[in-house]
Amino acid sequence: MGKKIKAWAAVLMILVLCVTMVTAAYAQEEITPYAYRETLLVSYEEYWFVDGSGEDIYVRQAEVYREYQFPNGYRELAPIIEQLPITGDYPAETTKRQRVTKRYEFY
């Protein structure tokens, strides 16, 4: 009778050890997520002017990009738009100038 109990105890111990190893391997996989890396547009300046024929022209310049690393994905939030004064080397018929700062939410 004692030998049967020892044999069952050994089998039970092996099963517990196997379950523990499988659980640890699964937990390690869940804890260490794969990270994505992407270069996203952060900000730019834009202005509008009317050319000689009366047509509205749009110009986008001074783009700034930044590399981000995130675990799952991202979504674009509403940008921050800052009105800028029309000074410097801009056409005389410039009607509007602004800086756009893009924002993202990472998940």
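How many salt bridges does a search of the whole structure find? The search finds seven, a salt bridge being a side-chain nitrogen of Lys or Arg within 4 Å of a carboxyl oxygen of Asp or Glu. The model is predicted, so to speak of its local features requires pLDDT of at least 70, side-chain atom pairs count only at pLDDT 80 or more, and totals for chains, interfaces and linings use all residues. Residues are numbered from 1 along each chain as its sequence is written, and side-chain values use heavy atoms, with hydrogens and water left out.

Four strands form an open sheet in the order S2-S1-S4-S3, with antiparallel pairing. Strands (E, at least two residues) are DSSP runs numbered from the N terminus, and two of them pair if DSSP finds at least two bridges between them. At the edges lie strand S2 (56–70) and S3, each pairing on one side only. From one strand to the next, the twist averages 20 degrees; axes here are lines fitted to C-alpha atoms, and angles run from 0 to 180 degrees between N-to-C directions. S1 and S4 run antiparallel and are joined by seven bridges. Ser43 has Thr101 as its bridge partner in S4.

Glu45 forms one with Arg97, where the closest N and O atoms are 3.2 Å apart. Because Glu45 belongs to strand S1 (residues 36–50) and Arg97 to strand S4 (residues 94–106), this pair ties together parts that are 52 residues apart in sequence. Glu45 counts as buried at 14% relative accessibility, and Arg97 is buried too, at 13%. Here buried means under 20% relative accessible area, exposed means over 50%, and partly exposed lies in between (1.4 Å probe, protein chains only).

Which residue does Arg99 form a salt bridge with? The partner is Glu82, with the closest N and O atoms 3.3 Å apart. Since Arg99 lies in strand S4 and Glu82 in strand S3, parts that are 17 residues apart in sequence are tied together. Arg99 is partly exposed at 29% relative accessibility, and Glu82 is partly exposed at 39%. Glu45, Glu82, Arg97 and Arg99 are linked in a network of salt bridges.

Another salt bridge brings together the side chains of Lys102 and Glu76, at 2.6 Å from N to O. This pair links distant parts of the chain, with Lys102 in strand S4 and Glu76 in strand S3 (residues 74–83), 26 residues apart. Lys102 is buried, at 18% relative accessible area, whereas Glu76 is partly exposed, at 45%.
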